Each structure stands twice: as C-alpha cells, then as structure tokens.
Amino acid sequence: MITIAHLSDPHIGASDRSLDRLRRTLDLASTTSPDLLVISGDIADRGLVREYDAFRAVLGPAPVVVCPGNHDLPDVLASTLGPELTRAREVGGVRVVPVDVVVPGEDHGSLREQECERVREQSEGADAVLLVMHHHPVPLGHAVADSMALTNPDLLDRLIDQIPSVAAVLVGHVHTAWVSSRSGRPVLGAPGIASALRADDRARPIADAAAAPGMALHVFDGAVHVRTTFHYAW
C-alpha cells in the first residue's frame, strides 16, 4: 500500500499564522508516515521568494511534490523550490505528476495543450498515474468556488483518455474536503490550510480563517484502488 498525505493552500505570507498552520498540518501528516507529501497549490500568497523559502524550511523528511496555484507565480515557484519538489515522482508504482493550470493574474484555471503534452510524456510507462492540479474540474454547487474553476475540463477528459493509467486527480483551491469524479476517475479535494470555505456561498468573508487546517490521506492498494479520509489539526 502507498500512503499519500495531500495538503493544499497554505498561502504562506497571507497572515502571521500561516506558517504555524502549515507546521500543525505537517505535524499531523507525519503521524501517518506518508510515502509522499503532495501539496496542490497556493504555496505562497503573493508568489514571493521569501514565502517559498519559508515553506521549504519547515518541510520534513518525506518526499514532496507540489503544483502551482493561482496565488503562486509558477516560474518563481519552480526556480525557488527546484526540480526536487516540482517534478513528477514515482513511489511504489504510483507516478505523481504535477499539472500547471494557472492563468496569470486570474483566479480561474485553464489547461493548455503544451502542458498536456508534458504530462503525457511524464506519464509514459507508469502503471498508475496520479495527476495533481490546483483548480477543480467539476462544479461543486457553490457559486463562489465555481466562479474560479477549471474553465476547460473537456481537455482534461481528453488527457485522461490518452493516459489510461490515470488512477485519480488531486486538487485544492476551494479550501474544503470533497470527492467527485471525472471521466470515471476519482477527483479528490483537500481541505485548506490557510482557511476553510464556508458552506453558505452568500457568507462574507467566504473563508473561515479560524477553522482547523486539514489534509486528505489517500491510501492506494495495488496502485489502483484508493481510500481517502480527511483529518484536521484541531
């Protein structure tokens, strides 16, 4: 079995408490002895080098894969964190491939043909592939969240058809735990670290910064079947 601790949206630099909330969630993740730590975007709040440096300084010994979110600057993230954290990584027959769907200056996401080609290349020969992206490719029924979704999920459908070994898609962005599917594959969303999405899409502020940070724990049995549970650092 392969255990993946899936974190998202620490937004380092957004508040004085952002690093503390990340540390609490990393401590929680460490109790599960994960084979891999995945963080699905919005690592930094403003895409600053010092925010990425602070993020990296608190990471533990587990290997890490990250993808950029809409608050990140993908080039700065890649150059600061380096290929060790931003490249595809394989653990126990599961290849985890980060996908960049960031649209600079926008909250929504978009998948590009060039990125699809890169993902296909990095997925070749894998028994099982786990795609990690920031934006959700299915509607959640929440007006605020759905206004910032992936705008061309049909391209993701085509990509999944071209990579039959895709076992699941891991996402962040909406700061809430949720489960859905796309093209017959599980789509699994992690809770937010910086805050939690309020269920009432009319509430303001829409994010609850006092809510406990959380994570998703994905356990792969035979590199195909996945069991997901959600945990919080109360």
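Strands (E, at least two residues) and helices (H or I, at least four) are DSSP runs, numbered from the N terminus. With that in hand, welcome to this predicted model, in which local features need pLDDT of at least 70, side-chain atom pairs count only at pLDDT 80 or more, and totals for chains, interfaces and linings use all residues. Residues are numbered from 1 along each chain as its sequence is written, and side-chain values use heavy atoms, with hydrogens and water left out.

**The chain as a whole**
- The secondary structure comes to seven helices and 13 strands.
- The chain is as compact as a globular protein of its length, because its radius of gyration of 16 Å is close to the 17 Å that the globule rule gives for 234 residues. That radius is taken over C-alpha atoms, and the rule is 2.2 Å times the number of residues to the power 0.38.
- The C-alpha trace spans about 45 × 35 × 35 Å along its principal axes.
- Of the 234 residues, 56% are buried (under 20% relative accessible area, with exposed over 50% and partly exposed in between, using a 1.4 Å probe and protein chains only).
- Contact means heavy atoms within 4.5 Å. Among contacts between residues at least 6 apart in sequence, 68% join residues at least 24 apart.

**Ser40 and His6**
- Ser40 lies in strand E2 (residues 36-40), while His6 has its place in strand E1 (residues 2-7).
- Ser40 is buried, with a relative accessible area of 0%, and His6 counts as buried at 0% relative accessibility.
- The side chains of Ser40 and His6 are joined by a polar contact of 3.0 Å. Such a contact is a pair of N or O atoms within 3.5 Å; within protein, one must be able to donate a hydrogen and the other to accept it, and residues adjacent in sequence count only if both atoms are side-chain atoms.
- The His6 side chain also has a polar contact of 3.0 Å with the side chain of His218.
- Not counting residues up to four places away in sequence, Ser40 touches several residues, including Cys67, Met133 and Gly172. On the same terms, His6 touches Val38, Leu188 and Met215, among others.

**Leu217**
- Leu217 sits in strand E12 (residues 214-221) and counts as buried at 11% relative accessibility.
- Leaving aside neighbours within four places in sequence, Leu217 is in contact with residues including Ile4, Thr32 and His231.
- From C-alpha to C-alpha, Leu217 and Trp234 are 16 Å apart in space, and they are 17 residues apart in sequence.
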